[in-house]
Amino acid sequence: MTYQDKLFKQITRVEDFAFDERVAGVFDDMVARSVPFYNEIQRIQADLIMDFLPDEAGVVCDLGCSTGTTLAHLTAHPRCPSQALFIGLDNSAPMLAKAQVKLAAQAAKGQVSLRLADLADLTDLPPCNVVILNWALQFVRPIDRQGLLNTVYQALRPGGLLLLSEKILAQDPLLNRVYIDHYLHFKTSQSGYSDTENQRKREALENVLIPYRLDENMALLERAGFAHRDTYFQWFNFVCMMAVKR
Ligand SMILES: Nc1ncnc2c1ncn2[C@@H]1O[C@H](C[S@+](CC[C@H]([NH3+])C(=O)[O-])CC(=O)[O-])[C@@H](O)[C@H]1O
Ligand SMILES: O=C(O)C(=O)Cc1ccccc1
């Protein structure tokens, strides 16, 4: 098997992980090999999102859109309304450059727009029907997370959907170790990463990816105002949550 993501094979000095040119160049391979059931979750979400889009101009905002994979799934969905608009936000120019290539046709016809923005001080989300935060809130400084979710809540129309997918800490310290061990086993046995690569990436992510517990994420959603909140997918320390605005 030839893998694109060899970043942590090659480096010798571990630095803080960043979504830079090097990462953007291998990201689609990296994320599919590093997030368990990544592709399955994309499919589940696309079906779910279509239930929350009106036939006329619905709006979907993907926060931390990376290289546009989720937006590509949505615009290709057989039930995607022709008038729906898709907005991708990310603070990494290299990642958005990849998204621009991937979504060039959709952008050309005005279906997709991509915007460089920092989720940590996002104040101007347009009114929308769906907001997606897939594996992105965990990279936002904890002090800024409630403000972001409050902004999301205010932007959502009544009946609007938020999909929040996060790596989490287990409530129980012993089970947290079990989750981490199974995740590392997943990365070596299923994804072809070596123990050295996993250790180096873990060090690089240490101050960058800050996971909350599930109850802490749910409390953020409750404080933001979401009356309807639940999980719809979990694999050890990877959880998908949904919340609907009344
Ligand atoms: N403060 C910030 N402001 C804006 N963007 C940010 C910030 N911090 C991180 N990002 C962006 O959030 C994304 C996180 S990746 C999301 C995967 C995608 N959702 C997917 O479903 O394929 C998840 C992962 O790599 O595990 C990257 O594109 C960062 O540039
Ligand atoms: O948590 C980890 O160890 C990961 O590898 C998650 C991840 C996936 C893709 C980019 C950055 C972190």
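Reply: A residue is counted as near a molecule when one of its heavy atoms lies within 4 Å of it. By that rule, the residues around ligand 2 are F17, M30, S34, K167, Y183, K187, K201, L205 and L209. The model is a predicted one, in which local features require pLDDT of at least 70 and side-chain atom pairs pLDDT 80 or more, while totals for chains, interfaces and linings use all residues. Residues are numbered from 1 along each chain as its sequence is written, chains are lettered from A and ligands numbered from 1 in the order written, and side-chain values use heavy atoms, without hydrogens or water.

Several of these residues make polar contacts, here pairs of N or O atoms within 3.5 Å. An oxygen atom of ligand 2 lies 2.6 Å from a side-chain N or O atom of K167, a polar side-chain atom of K201 is 2.8 Å from an oxygen atom of ligand 2, and for Y183 the corresponding distance from a polar side-chain atom to a ligand 2 oxygen is 3.3 Å. Of the 320 Å² that ligand 2 exposes when taken alone, the protein buries 94%, with areas computed by the Shrake-Rupley method and a 1.4 Å probe.

Ligand 2 sits in the largest pocket, and the space taken by ligand 1 is likewise the largest pocket. A pocket is an open set of points, on a 1 Å grid over the protein atoms alone, where a 1.4 Å probe fits, with protein on both sides within 12 Å along at least five of seven lines, and a molecule sits in it if more than half of its atoms lie within 2 Å of its grid points.

Around ligand 1 there are 18 residues, the closest being Y38, G64, S66, D90 and L119. This shell divides into 9 nonpolar, 7 polar and 2 charged residues, where Ala, Val, Leu, Ile, Met, Phe, Trp, Tyr, Cys and Pro count as nonpolar, Asp, Glu, Lys and Arg as charged, and the others, Gly among them, as polar. S66 places a polar side-chain atom 2.8 Å from an oxygen atom of ligand 1. The backbone takes part as well: a polar backbone atom of N134 is 2.9 Å from a nitrogen atom of ligand 1, and one of N91 is 3.2 Å from a nitrogen atom of ligand 1. On its own, ligand 1 has 660 Å² of accessible area, of which the protein covers 94%.

Conventions. A polar contact is a pair of N or O atoms within 3.5 Å; within protein, one must be able to donate a hydrogen and the other to accept it, and residues adjacent in sequence count only if both atoms are side-chain atoms. On a 1 Å grid over the protein atoms alone, a cavity is a set of points where a 1.4 Å probe fits but cannot get out, and a pocket is an open set with protein on both sides within 12 Å along at least five of seven lines; lining residues have an atom within 4 Å of a point.
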